[in-house]
Amino acid sequence: AAALGTTDEPTSAMSAGAPRSLASSGQKSIQDICHPLSAEESALNPGSAADTGLILPNGTPVDTSSLASSSSLLNRLQLDDDLDGETRDLFVTVEDPKKHVSTMETYITYRVCTKTTRTEFDLPEYSVRRRYQDFDWLRNKLEESQPTHLIPPLPEKFVMKGVVDRFSEEFVETRRKALDKFLKRVADHPVLSFNEHFNAFLSAKDLNKRQGLALLTKMGESVKYVTGGYKLRARPAEFAAMGDYLDLFTQKMGTIDRIAQRIIKEQSEFLMELREYGPVYSSWSSFEEDLHDPLEGVSGCMSNCSSALEELTEDMSEDFLPVLREYVLYIESMKNVLKKRDQVQAEYETKLEAVVFREDKKPPVPSDVEKCQDRVECFNADLKADWDRWENNKRQDFRQLLTGMADKNIQHYEKCLAAWESLVPLLQDKQEAEGETS
Amino acid sequence: MREREMQSRGTDMPTQERKLLLKKMEISVAEAEKRTGKNAVNMQETYTVYLIETRPVDAASEGTNPVPDSLWRRYSEFELLRNYLLVTYPFLVVPPLPEKRAEFVWHKLSADNMDPDFVERRRVGLENFLLRVASHPDLSSDKIFYSFLTEENGWKETVFETGFQAKADSRLKALNATFRVKNPDKRFAEMKHYGDELQSVISQLLRVRARAADRLYGVYKVHGNYGRVFSEWSAIEKEMGDGLQSAGHHMDAYAASVDDILEEEEHYADQLKEYLFYADALRAVCRKHELTQYELEMAAQDLTSKKQQREELATGTIRTFSLKGVTSKLFGQETPEQREAKLKMLETQIEEGEELVKERNAECEEFVKSAWVDIERFKEQKDHDLREALISYAIMQISMCKKGIQVWNNAKECFSKM
């Protein structure tokens with residue numbers, strides 16, 4: 001992995017002829033590779049194992065479903081040992097949010113700490129301050145420079161003023177966690193983590209200068225990938241399945257978002273009534289003698305329950321909804337990557353057809369068609385690997401999200417339970433005392 | 001209030017214990033049925049009748065377990081019974097009937113009197129009413145009450161024969177007394193004020209509770225939508241599918257659980273409603289006191305003026321303005337014979353007046369004494385019952401929280417297996 005070349009030009013991997021540098025990821029990460037005897041394998045790769053019966057030394061079957069050149073085969077032999085915890089050599093955290101007030105604007109910065117043994121970095125440790133804008137810049141740069149990869153999502157850019165307080169502790173903490181997750185995902189990615197813009201983001205004292213420079217020198221690169229104008233006849237089943245899945249998944253996310261919002265609304269309205277209900281017991285107690293304490297007790301209990309419910313509602317707004325929305329944004333960018341892939345394949349197929357129909361041109365196949373073919377294969381490989389990574393992350397994310405939702409509800413009920421349970425003996429004690437005296 | 005509780009309360013009063021009807025007889029309102037018939041204006045109507053079952057206590061304990069005596073009564077007959085008791089025992093806080101129409105409903109409950117849930121809650125309320133009357137030291141020995149429970153036919157006629165309707169105070173008379181009474185017993189004035197406040201606060205409580213119940217219903221039911229979407233989502237997932245699907249089922253269970261929760265809360269609301277109506281009964285006793293006090297004051301005032309008239313007539317001085325005084329000034333004074341006659345009449349009137357004042361004074365004192373005893377009894381009962389109600393409300397909330405924790409733990413387990 002250390003031999004993954006220089007930090008410039010991941011696109012150089014796409015040039016023809018030279019032995020492929022290992023800029024693109026293999027088919028699977030080491031952790032996702034199943035035991036050869038495992039039944040899961042065939043389910044995850046429909047049709048591929050059956051094709052050749054070839055098994056690579058690491059246990060993965062050779063996927064020969066696409067037109068493979070020897071060089072791209074070599075690519076897939078590379079293991080993603082970056083994901084192996086023992087050999088991880090890049091650690092990134094986002095911490096310590098601080099508010100900056102200037103005459104022009106007020107904004108939050110976060111400290112980004114890096115620890116690394118990679119030679120691509122001049123120093124082993126970095127500590128820089130970055131604001132949301134900078135993260136946004138990084139993500140855009142990654143999308144531009146790594147168009148064959150799925151770039152992790154950022155928390156939402158815009159927040160409705162008046163609805164959410166951009167400077168509240170809760171909001172800032174939610175954002176910090178999401179930004180931290182974003183950087184960790186990039187750092188864990190075998191290709192993205194070596195991106196020069198990522199390097200700059202983590203290390204540069206003054207990002208703005210680098211932004212400008214990067215823009216100038218890298219302007220050319222992204223243009224290479226914009227291959228507009230070719231029509232793809234049919235998306236291969238594998239990627240069509242991805243596209244379909246993303247569409248359905250987006251729908252479900254939208255539905256869940258709406259349900260969560262509705263619940264929050266109903267809970268808020270219930271909270272309003274509860275806030276009125278409790279005090280009535282209090283005003284009742286004011287003209288009772290024996291019943292004074294029990295009624296006050298009930299009022300106090302309801303006040304506790306109100307606070308617990310308010311916390312639950314806030315947590316759902318701040319922690320649950322934003323993650324759902326991140327995923328919806330994420331999926332939009334993923335669909336774009338799928339479209340770009342279609343474009344690349346379309347270009348290849350069109351050029352190939354043009355060659356095939358010209359009878360005077362026999363093999364060797366012209367170099368630019370070969371170039372296209374390589375691009376297709378690399379794109380497909382990158383995308384598949386990233387897709388698997390995405391599926392894993394998605395599963396973890398949603399497991400965490402939904403478990404968190406369950407936890408918050410449990411905590412809410414536990415608070416209420418404690419309040420009511422502590423009230424009952426108080427009510428009953430009085431009763432016994434009464435029984436004795438009367 | 002359950003029968004056993006009623007009976008145990010009876011043990012607080014040792015001497016009257018034996019008098020309590022409830023000690024001798026088991027009473028219950030066992031069933032409700034729909035009937036159709038012709039009403040007063042000869043139109044078809046549908047109404048509900050309730051089955052009152054009675055059985056001597058001894059029989060049950062002997063183990064013979066005979067079939068209970070039973071008869072059917074409709075709500076209007078209960079109302080008639082209560083009105084009779086109100087008029088006949090104005091110094092007692094007469095137990096209230098369950099509400100005539102469903103009030104303080106939240107959206108799911110039907111306000112329809114024919115709705116089976118309403119009928120069932122009314123059945124329970126009517127039974128409660130009978131048990132309360134039967135365990136009251138004074139009311140339980142009333143003959144009309146006894147025949148209400150035991151004589152199906154001709155009971156109505158029997159009630160009317162008592163002529164209680166004629167004894168009822170007119171609203172106007174009562175209102176008049178309330179405004180004009182000068183010296184009501186302070187304790188009764190305080191009690192009336194308490195009754196006002198109690199009625200006001202319980203009304204408010206019931207109103208807000210109903211709104212809160214409506215909202216809570218919404219919160220739970222929307223979670224059911226998670227069930228559906230998790231199911232749909234699980235269909236497009238591989239590893240995550242099972243966990244999502246089962247979690248969805250738990251969300252459905254959560255949504256469904258609110259129905260039982262709110263039904264239990266209705267019981268609590270009914271307990272509050274009983275005391276809402278009790279507040280009215282309490283105020284009625286206080287108003288009756290004002291009336292008797294006012295009538296005493298009127299009689300006393302009348303007596304005083306008569307005495308004054310006598311004095312004036314005897315001494316010849318006119319102190320009070322009277323038409324007679326004016327006319328006699330204008331048209332000349334009366335003859336001695338006329339004066340003599342008048343004096344004699346006045347003397348008789350004064351005698352009668354003194355008798356009346358004595359009578360009314362005794363009435364008033366008697367009323368104050370008996371009423372206050374019952375008010376104290378009522379206070380104790382109220383404190384006990386409402387405390388019990390609050391305890392059971394707290395227990396209800398505890399149960400609801402425990403159920404919630406369980407469901408979300410189940411869902412959490414499913415999520416963690418995703």
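In this predicted model, strand 1 of chain A is joined to strand 2 (residues 106-116) of chain A by 10 bridges, and the two strands run antiparallel. One of the pairings sets A:Val101 against its bridge partner in strand 2 of chain A, A:Thr106.

## The sheet of chain A

The two strands belong to an open sheet of 3 strands in chain A, with the order 1-2-3 and antiparallel pairing. Strand 1 (90-101) and strand 3 (125-131) of chain A are the edge strands, each of them pairing on one side only. From one strand to the next, the twist averages 20 degrees. Strands of a sheet pair through backbone hydrogen bonds, in either a parallel or an antiparallel manner.

Two helices of chain A pack on this sheet. Helix 5 (residues 169-188) of chain A touches strand 1 and strand 2 of chain A, and its direction makes about 150 degrees with that of strand 1 of chain A. Helix 6 (residues 196-203) of chain A touches strand 1, strand 2 and strand 3 of chain A. The direction of helix 6 of chain A makes about 90 degrees with that of strand 3 of chain A.

## Chain B and its sheet

Chain B has 13 helices and 3 strands. Of its 418 residues, 46% count as buried. Among contacts in chain B between residues at least 6 apart in sequence, 74% join residues at least 24 apart.

The 3 strands of an open sheet in chain B follow the order 1-2-3, and their pairing is antiparallel. Strand 1 (25-38) and strand 3 (69-74) of chain B each have a single partner strand, so one side of each edge strand is left without a neighbour in the sheet. The twist in this sheet averages 25 degrees from one strand to the next. Strand 2 (residues 44-56) of chain B is joined to strand 3 of chain B by 6 bridges, the two running antiparallel. B:Glu53 stands opposite B:Ser70, which is in strand 3 of chain B.

| Helix of chain B | Strands of chain B touched | Angle between directions |
|---|---|---|
| Helix 4 (residues 75-88) | Strand 2 and strand 3 | About 90 degrees with strand 3 |
| Helix 5 (residues 116-134) | Strand 1 and strand 2 | About 135 degrees with strand 1 |

## Around helix 5 of chain B

Helix 5 of chain B also meets helix 6 (residues 143-150) of chain B: their axes come within 11 Å and cross at roughly 140 degrees. The two helices are therefore oblique to each other, and their crossing is left-handed. On the side of helix 5 of chain B, the contact is made by B:Leu130, B:Val133 and B:Ala134; on the side of helix 6 of chain B, it is made by B:Phe145, B:Phe148 and B:Leu149.

B:Gly125 lies in helix 5 of chain B and is buried, with a relative accessible area of 18%. The C-alpha atoms of B:Gly125 and B:Ala394 are separated by 22 Å, the two residues being 269 residues apart along the chain.

The loop between helix 5 and helix 6 of chain B holds B:His136. This residue, B:His136, is buried, with a relative accessible area of 2%. Setting aside residues up to four places away in sequence, B:His136 touches B:Leu20, B:Leu92, B:Asp374 and B:Arg377.

The axes of helix 9 (residues 171-180) and helix 11 of chain B come within 8 Å and cross at roughly 75 degrees. Helix 9 and helix 11 of chain B are therefore roughly perpendicular to each other. Residues of helix 9 of chain B at this meeting include B:Lys173, B:Asn176 and B:Arg180, while those of helix 11 of chain B include B:Arg287, B:Glu290 and B:Tyr294.

## Nonpolar cores

The largest nonpolar core has 129 residues. Those with the most contacts inside this core are A:Phe320, A:Trp390, B:Tyr226, B:Phe230 and B:Trp233. At least two residues of the core are supplied by each of helix 8 (237-285), helix 9 (292-357) and helix 10 (367-437) of chain A, together with helix 10 (186-234), helix 11 (240-315) and helix 13 (336-416) of chain B.

Leaving out residues up to four places away in sequence, A:Phe320 touches A:Ile256, A:Ala260, A:Asp315, A:Leu401, A:Leu402, A:Met405 and B:Tyr226. A second, separate core has 34 residues, among them B:Leu22, B:Leu130, B:Val133 and B:Trp155.

Terms used
Residues numbered from 1 in each chain as written. Chains lettered and ligands numbered in written order. Predicted model: local features only at pLDDT ≥ 70, side-chain atom pairs only at ≥ 80, totals over all residues. Heavy atoms only, no water. Core = buried A, V, L, I, M, F, W, Y, C linked by side-chain atoms within 4.5 Å. Buried < 20%, exposed > 50% of the residue type's maximum accessible area, 1.4 Å probe, protein only. Helix = DSSP H or I, 4+ residues; strand = E, 2+ residues; numbered from the N terminus. Contact = heavy atoms within 4.5 Å. Pairing = 2+ DSSP bridges. Axes fitted to C-alpha atoms, helices over the stretch in contact; angles between N-to-C directions. Parallel < 35°, antiparallel > 145°, perpendicular 65-115°, else oblique. Left-handed = near helix turned anticlockwise from the far one by under 90°.
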